[in-house]
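Subject: A structure for you to look at

Hi,

Here is the structure I promised to pass on. Have a look at it first, and then read my notes below.

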Amino acid sequence: MYQVIADERDFIVINKSAEVHFHSQDGTAGVVAQAEADLGIKLYAVHRLDTMTSGLIILAKSSAVAAEFTRMFSAHLVQKYYLALAIGKPKKKQGWVIGDMAKSRRSMHKLLRSTENPAITQFFSHSIGEGERLYLLKPHSGKTHQLRVALASIGTPILGDTLYGGAEADRGYLHAYCLDFQYLEQDYRYTVAPPSGELFNSAGVAEQLIAWQQPADLVWPQLKKAK
């Protein structure tokens, strides 16, 4: 269900498995409740991942720490980087996906042309063969289903994300890959490769992750503001 990556004084960082609920439901413990039971401490969620998504989650050990991390996330002081796999050729190989988001049908969300309070996603991508493409995604906002909608909007829905038109697969190929932030004047960076997925474990992905092993150190172009 999860693996503890770091156990710090004020928080822990876990690596959630794919297809694991974040919150408890249907009488089954979610990943936060399970971690609380396993570790014997109260934990406070400060951000979340969709059920299909694997990867890094910060859980605070007190309400005061949770409030500080919530402030940091709201102020975009925690940098998040994700990996995704999709089939096909995108409308653009790197760049930005920007637009307001609205609820749609069947628990879906959609990207709008307006930009009053937009979801902002920056990405690089790299071909790993056989029509498959690996994406490194950096969200600059925290909207529900933001990354899933962003890739669907450029014509390459995430593999396994059938809600947004992705092809059937052994998992939803979205993974929270890296967290980079400063807390109490100390720098923290956690990077964890996807724990599961036949294609995530392929040689092509492994080769590209060597180039992307420190995504926070890559040159991410600044968004050009309209004049």
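Two strands pair if DSSP finds at least two bridges between them. Helices (H or I, at least four residues) and strands (E, at least two) are DSSP runs, numbered from the N terminus. Please keep in mind that this is a predicted model, where local features need pLDDT of at least 70, side-chain atom pairs count only at pLDDT 80 or more, and totals for chains, interfaces and linings use all residues. Residues are numbered from 1 along each chain as its sequence is written, and side-chain values use heavy atoms, leaving out hydrogens and water.

Let's start with strand 5. Strand 5 and strand 11 (residues 174–183) pair in the antiparallel sense over six bridges; there, Gln-79 has Asp-180 as its bridge partner. Strand 5 also runs antiparallel to strand 10 (residues 132–139), again with six bridges, and Ile-87 stands opposite Glu-132 of strand 10.

Next, the nonpolar cores, which are sets of buried Ala, Val, Leu, Ile, Met, Phe, Trp, Tyr and Cys residues joined through side-chain atoms within 4.5 Å. The largest has 43 residues, and those with the most contacts inside it include Val-31, Leu-59 and Leu-136. Strand 5 gives the largest share of this core, six residues. Another core, of 19 residues, lies apart from it, and Val-13, Phe-69, Met-72 and Phe-73 are among its members.

Now for the aromatic rings. Rings of Phe, Tyr and Trp (its six-membered ring) pair if their centres lie within 6.5 Å; planes under 30 degrees apart count as stacked, over 60 as edge-to-face and the rest as tilted. The structure holds 13 such pairs. In one of them, the centres of Phe-11 and Phe-69 are 5.2 Å apart and the planes are at 75°, so this pair is edge-to-face. Phe-11 belongs to strand 2 (residues 11–16) and Phe-69 to helix 2 (residues 63–74), so the pair links parts of the chain 58 residues apart. Phe-11 is buried, at 1% relative accessible area, and Phe-69 is buried too, at 0%. Both belong to an aromatic cluster that also has Phe-181, Tyr-183, Tyr-188 and Tyr-190.

Happy exploring!

Definitions and conventions
Buried means under 20% relative accessible area, exposed over 50%, partly exposed in between (1.4 Å probe, protein chains only).
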